[in-house]
Amino acid sequence: MNLSRLDLNLVIALRALLEERNVTRAGKRVGLSQPAMSAALSRLRRHFDDDLLARTGGHYELTALGQVLLERTSTACDLLERLFSSQADFDPATESRTFTLIASDYAVAVFGAALSRLVHTEAPHVRLRFTQTPPTVVEDLGVLLSTTDGLLMPHGVVGDMPRTDLFHDEWVFLVAESNTEVTDHLTRTQLARLPWVTYQRTYDAPAVRQLAMLGIEPRVEVSVDSFAMLPFMVAGTDRIALIQKRLATLMHHHSAVRVVAPPYEAVPLQEALWWHPLHTHDSTHIWLRQAALRVAADMA
């Protein structure tokens, strides 16, 4: 495919046509007349050798290829927008923009809140938007990072992308204050026998993968998609939960739980900020990464 021969305006037209499924509405959306949008649709049909929009009764439906292109075109448009909005210089005191970061509620609580305070002070017109880490983050990493500004994620889950290391953390266990069986220490036998509460993708963490090497298979009774929910699911039960020490320190006063050390030497957690190579030399992202490093230094 020779990109120099492509009209990138067709990407914008394609997205509007696929999302609106109507030539007139798509034209109004991108500022083209109905004949001009019809001509764009004809060119797109020739390029893909597919109707893309097929008339069904009094309206249009997407063809099978049109359905495939719908998500890909949205991703491509986001990527192009980020590419052409790159700047040689960035003045945090005057610039206005939004940074979108993918992060678990753990990362937002222990790091994102402090980052937001620094941004508020240094860049009053900059907005931060944190979105929940999806279960498919590993499988869709390239696409996710190409359409956002970064990912807060520990080592051992993703790789092959630029990163800057931020802060260390440790893994600890939560048990209920009412749990009389567990005293100040957990045993490996208790890890295998007691019911667990787990985060949706905790099994990706090296500290959990260690359990398999120890011959321990957690008996999962409850699974949640929020680390902050773990203490409340442990309180008043005989369940246990593996949680980051920094978050446990913030949370355990809000529920009737205790913090105990693992009965094995758990691999420590190294949190990092990951980004798409597209952003490496962009001045806005360089400033964001430097701001993140300053927050991490204060945490240390």
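Colleagues, strands S6 and S12 run antiparallel and are paired through six bridges. Two strands are said to pair here if DSSP finds at least two bridges between them. Strands (E, at least two residues) and helices (H or I, at least four residues) are DSSP runs, numbered from the N terminus.

The model is predicted, and local features need pLDDT of at least 70, side-chain atom pairs count only at pLDDT 80 or more, and totals for chains, interfaces and linings use all residues. Residues are numbered from 1 along each chain as its sequence is written, and side-chain values use heavy atoms, with hydrogens and water left out.

Let me place S12 in its sheet. The sheet is open, has five strands in the order S4-S3-S5-S12-S6, and its pairing is mixed. Its edges are strand S4 (126–132) and strand S6 (163–169), each of which pairs on one side only. From one strand to the next, the twist averages 25°; axes are lines fitted to C-alpha atoms, for helices over the stretch in contact, and angles run from 0 to 180 degrees between N-to-C directions.

Within this sheet, S5 and S12 are antiparallel and joined by four bridges, with leucine 151 partnered by tryptophan 274 of S12. S3 and strand S5 (residues 150–154) pair in the parallel sense over two bridges; here isoleucine 102 has leucine 151 in S5 as its bridge partner.

How many of the six residues of S12 are buried? Six of its six are, and the strand is mostly covered; buried means under 20% relative accessible area, exposed over 50%, and partly exposed in between (1.4 Å probe, protein chains only). Leu269, Glu271 and Leu273 point one way from S12, while Gln270, Ala272 and Trp274 point the other way.

Helix H5 (residues 105–122) lies across S3, S4, S5, S6 and strand S12 (269–274), and runs at about 175° to S4.

Leucine 152, in strand S5, is buried, with a relative accessible area of 3%. Beyond its neighbours within four places in sequence, leucine 152 has contacts (heavy atoms within 4.5 Å) that include Ile102, Phe111, Phe130, Leu166 and Ala272.

I turn to the other sheet. It is open too, with five strands in the order S9-S8-S10-S7-S11 and mixed pairing. S9 and strand S11 (257–260) are its edges, each pairing on one side only, and its twist averages 35° from one strand to the next. Strand S7 (residues 171–176) and strand S10 (residues 240–244) run antiparallel and are joined by five bridges. Leucine 174 stands opposite alanine 241 in S10.

Next, the cores. In soluble globular proteins, nonpolar side chains tend to be buried together. A nonpolar core is a set of buried Ala, Val, Leu, Ile, Met, Phe, Trp, Tyr and Cys residues joined through side-chain atoms within 4.5 Å. The largest core has 58 residues, and Phe111, Phe173 and Leu191 have the most contacts inside it. A second, separate core has 16 residues, among them Leu10, Ala13, Leu17 and Met37.

Finally, the rings. The whole structure holds five aromatic pairs. Rings of Phe, Tyr and Trp (its six-membered ring) pair if their centres lie within 6.5 Å; planes under 30 degrees apart count as stacked, over 60 as edge-to-face and the rest as tilted. One of the pairs is phenylalanine 99 with tryptophan 287, stacked at 6.3 Å centre to centre with 25° between the planes. Because phenylalanine 99 is in strand S3 (residues 97–103) and tryptophan 287 in helix H11 (residues 283–299), this pair ties together parts that are 188 residues apart in sequence. Phenylalanine 99 and tryptophan 287 are both buried.

Why is the pair of tyrosine 199 and phenylalanine 227 stacked? The centres of the two rings are 3.8 Å apart and their planes are at 15°, so the pair counts as stacked. Both tyrosine 199 and phenylalanine 227 are buried, and ring pairs link Tyr106, Tyr199 and Phe227 into a cluster.

Two arginines complete the account of the rings. The charged end of arginine 97 sits over the ring of phenylalanine 99, 4.2 Å from its centre; this requires NZ of Lys or CZ of Arg within 6 Å of the ring centre and within 35 degrees of the ring normal. Arginine 289 lies over the face of tryptophan 275, at 4.1 Å from the ring centre.
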